[in-house]
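Please open the model in your viewer and keep the selection panel at hand. The tour goes from one selection to the next and says what is to be found at each.

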Amino acid sequence: MLVFRARVMASKRSEGWGTRSARLSTVAGAAEANAPRPLPLAWDLLYLPVILATLALSLALYPAMPDPVPVHFDAAGVADGYMAKGWQVIAMPTAVQALMALCLTASHWQILRSRRPSLPEHPVASAIAYGMFARAQSATLLVTGIVITVSIAIMPLAFAGVVTSDQSFVALIVIIIAAILPNLAVSLVYGQAGSRLLRRMTASNELGFDDDERWRLGLFYVSREDPSVVVPRRFGIGWAMNWGNPKSWDLAALLVAAIAAFVVLVEVLFR
């Protein structure tokens, strides 16, 4: 991959693609101001009632839970891991949900803070295409996140023996499919950063801009000149951090700290 990437970049330099990259400074202010926007971050407050409902469910089922409580099952559905009946059994599902909600909210924040790509030849169309993509992606992320967070409620149901390990496995498969399909639909309809939608709006297959020099190994975006912390990924669906911005490293450190804190919490719960 790196060999072919080097050949492509050399060809672009020889053909003067760098002059096209400079056009990224074009700002379509009016178009961006009127383009669709992602869902506001306040929508992530919907995770809170889900977490509280799971906590209430755990408390209601607690008297029916055995001691010790089976918390892990092997491939045959036989319990092979147990936890002493106590507050940890109640805290574990809500702790998992809280971490999931934190990560999903951080992903939503990325969408809101991402640089909005603008095509100089089609400033209005590119702004609308990206805005519609970002709105669809934020809505899909929210729905997917709520479905996944609700699925964690299977844990107290399994602890109390309301559902079997086989039923939990089937439910997990259904949830995974339900989480994948909406994101696949966004990818097929809109394309990354609205690229598919933009091509349909402009009837053009022209590459809008070229920023190969900013993508290290073709995977990591590094630009000290770009003030953006988050940028759309080049391929697939999603966003990437601008590792040329020190704020990206601060956010990465914060995420690592949050995951480490969760691991410590799990260790405490299983003692």
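Select M241 and display its surroundings: leaving aside residues up to four places away in sequence, M241 touches Q110, Y221, V229, V230, S248 and L251, where a contact means heavy atoms within 4.5 Å. M241 lies in strand β6 (residues 239-241); helices (H or I, at least four residues) and strands (E, at least two) are DSSP runs, numbered from the N terminus. With a relative accessibility of 14%, M241 counts as buried, on a scale where buried means under 20% relative accessible area, exposed over 50% and partly exposed in between (1.4 Å probe, protein chains only).

Residues are numbered from 1 along each chain as its sequence is written, and side-chain values use heavy atoms, with hydrogens and water left out.

Next select S223, in the loop between β4 (220-221) and β5 (230-232). S223 has a relative accessibility of 3% and therefore counts as buried; not counting residues up to four places away in sequence, its contacts are R214, N242, G244 and N245.

Now colour by pLDDT, the predictor's confidence in each residue, from 0 to 100. The protein averages 79, and 79% of the residues score at least 70. Confidence is highest in helix α4 (residues 47-61), at a mean of 94, and lowest in helix α2 (residues 18-21), at 48. Over residues 19-28 the pLDDT is below 50, and this stretch has 15 contacts in the model beyond near neighbours in sequence. Where pLDDT is low, the predicted coordinates should not be read in detail.

Move to helix α8 (residues 165-190), whose 26 residues should span 38 Å at 1.5 Å a residue, in agreement with the 38 Å between its end C-alpha atoms; the expected span is 1.5 Å times one less than the number of residues. Which residues of α8 are buried? They are S165, S168, I175, A179, V186 and Y190, and they pack against β1 (69-73), α6 (123-151), α7 (154-159) and α9 (195-202). Just after α8, G191 takes a positive phi of about 75 degrees.

The aromatic rings come next. Rings of Phe, Tyr and Trp (its six-membered ring) pair if their centres lie within 6.5 Å, with planes under 30 degrees apart counted as stacked, over 60 as edge-to-face and the rest as tilted; by this rule there are two aromatic pairs. Y130 and F133 form a tilted pair, 6.2 Å centre to centre with 50 degrees between the planes. Both lie in helix α6, three residues apart, about one turn of the helix, and both Y130 and F133 are buried. The rings of W243 and W249 have centres 4.9 Å apart and planes at 55 degrees, so this pair is also tilted. W243 is partly exposed at 26% relative accessibility, whereas W249, at 53%, counts as exposed.

Finally, select K85 and Y62: the charged end of K85 sits over the ring of Y62, 4.8 Å from its centre, the rule being NZ of Lys or CZ of Arg within 6 Å of the ring centre and within 35 degrees of the ring normal.

Technical notes
This is a predicted model: local features need pLDDT of at least 70, side-chain atom pairs count only at pLDDT 80 or more; totals for chains, interfaces and linings use all residues.
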